[in-house]
Amino acid sequence: MSVIVAGAVHVAAEDRDRFIEENRTVVEAGRRHPGCRDLSLSPDPVDPGRVNLFEHWESQAALDAFRAVAPRPSVSVGIVGDQVLKHEVARTGPPFG
(Lines give C-alpha, C1' and ligand atoms only; values in the text may rest on other atoms or scores of the structure.)
Protein backbone atom coordinates (compact mmCIF):
# COMPACT_ATOMS: atom_id res chain seq x y z
CA MET A 1 0.00 0.00 0.00
CA SER A 2 1.52 3.32 -1.03
CA VAL A 3 1.36 6.45 1.09
CA ILE A 4 0.67 10.04 0.05
CA VAL A 5 1.29 13.00 2.33
CA ALA A 6 -0.32 16.11 0.87
CA GLY A 7 -1.68 19.47 1.82
CA ALA A 8 -0.69 23.04 2.49
CA VAL A 9 1.62 24.83 4.89
CA HIS A 10 0.95 28.49 5.58
CA VAL A 11 3.69 31.05 6.23
CA ALA A 12 3.88 34.83 6.00
CA ALA A 13 3.68 35.81 2.33
CA GLU A 14 7.05 37.56 2.44
CA ASP A 15 8.68 34.37 3.80
CA ARG A 16 7.23 31.82 1.35
CA ASP A 17 10.12 31.67 -1.13
CA ARG A 18 12.67 31.49 1.68
CA PHE A 19 10.71 28.65 3.34
CA ILE A 20 10.76 26.66 0.09
CA GLU A 21 14.47 27.29 -0.44
CA GLU A 22 15.38 26.38 3.15
CA ASN A 23 13.61 23.04 2.66
CA ARG A 24 15.32 22.27 -0.64
CA THR A 25 17.78 19.83 0.95
CA VAL A 26 14.88 17.84 2.43
CA VAL A 27 13.22 17.59 -1.00
CA GLU A 28 16.48 16.58 -2.69
CA ALA A 29 17.26 13.95 -0.06
CA GLY A 30 13.74 12.58 -0.21
CA ARG A 31 13.80 12.19 -3.97
CA ARG A 32 17.04 10.20 -3.70
CA HIS A 33 15.73 7.98 -0.90
CA PRO A 34 14.64 4.42 -1.74
CA GLY A 35 10.87 4.18 -1.93
CA CYS A 36 10.23 7.84 -2.73
CA ARG A 37 8.10 8.15 -5.85
CA ASP A 38 7.82 11.93 -5.60
CA LEU A 39 8.37 14.77 -3.15
CA SER A 40 7.63 18.41 -3.85
CA LEU A 41 7.16 21.79 -2.20
CA SER A 42 5.71 24.47 -4.45
CA PRO A 43 4.37 28.00 -4.12
CA ASP A 44 0.61 28.26 -4.47
CA PRO A 45 -0.36 30.32 -7.54
CA VAL A 46 -3.26 32.05 -5.76
CA ASP A 47 -2.37 32.39 -2.06
CA PRO A 48 0.98 34.16 -1.50
CA GLY A 49 1.42 32.62 1.96
CA ARG A 50 0.66 29.03 0.98
CA VAL A 51 3.17 26.28 0.17
CA ASN A 52 1.78 23.11 -1.37
CA LEU A 53 3.29 19.85 -0.13
CA PHE A 54 3.15 16.52 -1.95
CA GLU A 55 4.93 13.29 -1.03
CA HIS A 56 4.34 9.86 -2.60
CA TRP A 57 6.01 6.84 -0.99
CA GLU A 58 5.99 3.17 -1.98
CA SER A 59 5.06 2.21 1.58
CA GLN A 60 4.77 3.39 5.16
CA ALA A 61 8.08 1.64 5.84
CA ALA A 62 9.81 3.73 3.14
CA LEU A 63 8.35 6.94 4.61
CA ASP A 64 9.38 5.93 8.14
CA ALA A 65 12.91 5.07 6.97
CA PHE A 66 13.27 8.49 5.36
CA ARG A 67 11.89 10.34 8.37
CA ALA A 68 14.50 8.60 10.54
CA VAL A 69 17.40 10.01 8.48
CA ALA A 70 15.91 13.09 6.80
CA PRO A 71 18.01 16.25 7.01
CA ARG A 72 16.57 18.91 9.22
CA PRO A 73 15.94 22.18 7.41
CA SER A 74 17.49 25.32 8.77
CA VAL A 75 14.01 26.79 8.89
CA SER A 76 13.89 30.22 10.38
CA VAL A 77 10.47 30.81 8.87
CA GLY A 78 7.52 30.45 11.20
CA ILE A 79 4.66 28.24 10.09
CA VAL A 80 1.36 29.92 10.91
CA GLY A 81 -0.82 26.93 10.00
CA ASP A 82 -1.01 23.72 8.09
CA GLN A 83 -3.52 21.38 6.54
CA VAL A 84 -1.49 18.27 5.75
CA LEU A 85 -2.87 14.73 5.76
CA LYS A 86 -1.46 11.26 5.18
CA HIS A 87 -3.38 9.00 2.80
CA GLU A 88 -2.93 5.23 2.57
CA VAL A 89 -3.59 4.20 -1.03
CA ALA A 90 -4.86 0.69 -1.66
CA ARG A 91 -5.40 1.00 -5.41
CA THR A 92 -4.26 3.30 -8.21
CA GLY A 93 -5.18 3.73 -11.85
CA PRO A 94 -5.59 6.25 -14.65
CA PRO A 95 -7.15 9.55 -13.56
CA PHE A 96 -9.85 9.53 -16.25
CA GLY A 97 -10.93 5.96 -16.67
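Let's start with the largest pocket: 16 residues line it, and Asn23, Val26, Leu53, Glu55 and Pro73 lie nearest its centre. This is a predicted model, where local features need pLDDT of at least 70, side-chain atom pairs count only at pLDDT 80 or more, and totals for chains, interfaces and linings use all residues. Residues are numbered from 1 along each chain as its sequence is written, and side-chain values use heavy atoms, with hydrogens and water left out.

A pocket here is an open set of points on a 1 Å grid over the protein atoms alone, where a 1.4 Å probe fits, with protein on both sides within 12 Å along at least five of seven lines; lining residues have an atom within 4 Å of a point. The largest pocket holds about 340 Å³ of space, the volume filled by probe spheres set on the points.

Who supplies the lining? Helix H2 (24-32), strand S2 (36-43) and strand S3 (50-57) each give at least two residues. These are DSSP runs, H or I of at least four residues for helices, E of at least two for strands.

Now H2. Val26, Val27, Ala29 and Gly30 are buried, meaning under 20% relative accessible area with a 1.4 Å probe, protein chains only. They sit on the same side of H2, because they cover an arc of only 170 degrees around the axis, taken from the directions from the helix axis to the C-beta atoms.

Next, S3. Six of its eight residues are buried, so S3 is largely enclosed by the rest of the structure. S2 pairs with S3 in the antiparallel sense over seven bridges; pairing needs at least two DSSP bridges. Ser42 has Asn52 as its bridge partner in S3.

Notes: Buried < 20%, exposed > 50% of the residue type's maximum accessible area, 1.4 Å probe, protein only.
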